[in-house]
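Please open the structure in a viewer and keep the selection panel at hand.

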Amino acid sequence: MTDHYAVFGNPIQHSKSPRIHAEFARQTRQDLTYAALLAPTDGFAECVAAFRAGGGTGANVTVPFKEQAFALSNRRTDRAEAAGAVNTLTFTPAEILGDNTDGAGLVRDLAANLGLDLAGMRILLMGAGGAARGVVLPLLAQAPVRLFIANRTADKALALAGHFGCTGGGYADLPGGGFDLVINATAASLAGDLPPLPDDVFAADALAYDMMYGRDTPFLDFARRRGARTADGLGMLVEQAAEAFQLWRGVRPDTEPVIAALRDG
Ligand code: NDP
């Protein structure tokens, strides 16, 4: 019997998730469909209910519905609780299980695809929105020597850092000495903006990681000019999808050919 999945978002037409999950399904011989569904900003819960009533087995959730998906879940994984946001829903007759696979996707991209050993690293995480919140705990689980959260609105970074027991503040509060890994989890790249980083933010051999993908960003350009290595968020996108796929289907797809195919266009 064919199982049905979907990703809900607004906007959603450019989502790569249907292509990624179709490729995973082909690779692992799973019988499923996966659609991109536009939900009105004030009608997310109704759209999910209709999809579930029509036989939907599970769904991914993207901007701007991750907090609403959290509220909609009857049960949540620990990592979803920590993130305060849900990007993966699993429907059973009895409940809606909410999970958050973004952080695991990021860590897997950094460690398995980019070869980083995060233990002992000095990490700067920029942003205090949903994306940042979802990755703090999985990053801390890798035992970095320092995780500093910087945000335009300093109070939000301070609150987030306080919640997770690390340090944070505004960009003017950044500690010196440089970072081995700088992650851009802000929406600045979407607007073609660059957070106000000091010139010496990168330590020797640092990696600059922008969660945005699909085009070059002012942050990655800034990093390149200062000798840092760079990576975009395409690997994270595919890895968070693989994590959801494994949760739903009990089998882990091979992400490498899917990342390569997406890079080829
Ligand atoms: P939110 O709207 O929840 O948060 C936005 C954050 O960006 C806030 O911290 C905000 O600061 C900050 N910000 C916005 N504009 C600027 C600016 N011009 N300069 C400095 N900081 C700015 O967004 P999300 O957290 O959901 O998403 C952030 C990014 O991560 C998006 O680009 C998204 O596409 C990407 N993403 C990628 C994923 C992937 O799989 N690759 C997964 C999830 C997200 P303030 O608090 O001051 O407003």
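Begin by selecting strand E1 (residues 3-9), which is mostly covered, with six of its seven residues buried. Buried means under 20% relative accessible area, exposed over 50%, and partly exposed in between (1.4 Å probe, protein chains only). Helices (H or I, at least four residues) and strands (E, at least two) are DSSP runs, numbered from the N terminus.

This is a predicted model, in which local features need pLDDT of at least 70 and side-chain atom pairs count only at pLDDT 80 or more, while totals for chains, interfaces and linings use all residues. Residues are numbered from 1 along each chain as its sequence is written, and side-chain values use heavy atoms, with hydrogens and water left out.

Two strands pair if DSSP finds at least two bridges between them. Within this pair, Asp3 stands opposite Leu32 of E2. Then show strand E3 (residues 56-61), parallel to E1 and linked to E1 through five bridges; here Ala59 of E3 is the bridge partner of Ala6.

Now move to the open sheet of six strands, ordered E9-E8-E7-E10-E11-E12 with parallel pairing. Strand E9 (167-169) and strand E12 (229-231) stand at the edges with a single partner strand each, so one side of each has no neighbour in the sheet.

Select helix H8 (residues 218-225) next: H8 lies across E7, E10, E11 and E12, at about 165° to E11. Such angles run from 0 to 180 degrees between N-to-C directions, with axes as lines fitted to C-alpha atoms, for helices over the stretch in contact. Contact means heavy atoms within 4.5 Å.

Leu125 is the next selection; its contacts include Val135, Phe148, Ile149 and Ile183, not counting residues up to four places away in sequence.

Finally, select helix H9 (residues 234-249), where 14 of the 16 residues are buried. At 1.5 Å a residue, these 16 residues should span 22 Å, and the end C-alpha atoms are 22 Å apart, which agrees. The expected span is 1.5 Å times one less than the number of residues. Just after H9, Gly250 takes a positive phi of about 70°.
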